[in-house]
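Me: Hi! Could you walk me through a few backbone and sheet details of the model below?

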Amino acid sequence: MNDPISILKFSDVTIESSPHYETGLWNSSFELKQGDLLLVRMERENERLPLADATEGLTSPSQGSVMFLGEDWQLMSADRAAAHRGKIGRLFDDEGWISDLDVDQNIMLSQRHHTHRSDQDIMEESLKLARVFGLPGLPRGRPGSMRRWDLRKAACIRAFLGQPSFIILEQPVHGVYADLTTPLINAVQSARQRGAVVLWLVTDTKIWNHTGIRTTTRARMFGSELRAVEADSS
């Protein structure tokens, strides 16, 4: 059997704090291979971290390197980086919606931009995911007109659409715990079974202690330091 492919690798990564982040990241090293899940518990007073942005190459370390699929983000051409970001699904803590597009257009935008799939194919997968997350169809209308829990479900559709290699979940069930926890865990497990890697960021102790989330690694933020605290079977 072939060894799992390395999807993401941090090597001695340090990122300075800035107005965009409440804390930086200091000397962090870890590697995530196909099927891995890293669950990170953040401090409530320091929830805005550079960690998720760094995994996508959206912020550059002042020291160390971030490798995605074996390539250093800092050494990629703009076109190469854009192509790699097309393999990443992300649920943003701050929603991340384009306000002048309808929600269904937001959901499908990345697939339309990064792939050659037909609109019909993208729509069919989106509708399947909508049912997975408890929606009868794709939400329409501007993001500002939608209920928070419907937007969270829509954000899950967007994050899993296109079977990404790497999925970033930033407090995905915050404020909508009961509605989303079970379908989200099921979707995460399905993604991992096909080889996707998941980075899940939380402050909620209910998620941190949830026995259904079968992590590869758990880590906690202590200021700007990321410390692995335990591991269990995936």
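Me: Is Gln163 buried or exposed?
Reply: Gln163 counts as exposed because its relative accessibility is 54%; the classes are buried under 20% relative accessible area, exposed over 50% and partly exposed in between, with a 1.4 Å probe and protein chains only. This is a predicted model, where local features need pLDDT of at least 70, side-chain atom pairs count only at pLDDT 80 or more, and totals for chains, interfaces and linings use all residues. Residues are numbered from 1 along each chain as its sequence is written, and side-chain values use heavy atoms, leaving out hydrogens and water.

Me: Where does Gln163 lie?
Reply: In the loop between helix H5 (148-160) and strand S7 (166-170). Helices (H or I, at least four residues) and strands (E, at least two) are DSSP runs, numbered from the N terminus.

Me: What about the phi of Gln163?
Reply: Gln163 is not a glycine, yet its phi is positive, about 50°. Most residues other than glycine have a negative phi.

Me: And which strand holds Asn27?
Reply: Strand S2, residues 25-33. Asn27 has a positive phi of about 50° and is not a glycine either. With 33% relative accessibility, Asn27 counts as partly exposed.

Me: Switching to sheets: what is the strand order in the open sheet of four strands?
Reply: The order is S2-S1-S4-S5, with antiparallel pairing; two strands pair if DSSP finds at least two bridges between them. S2 and strand S5 (71-72) are the edge strands, each pairing on one side only.

Me: How many bridges join S1 to S4?
Reply: Five, between antiparallel strands S1 (residues 6-15) and S4 (residues 63-68). Among the residues involved, Leu8 has Phe68 in S4 as its bridge partner.
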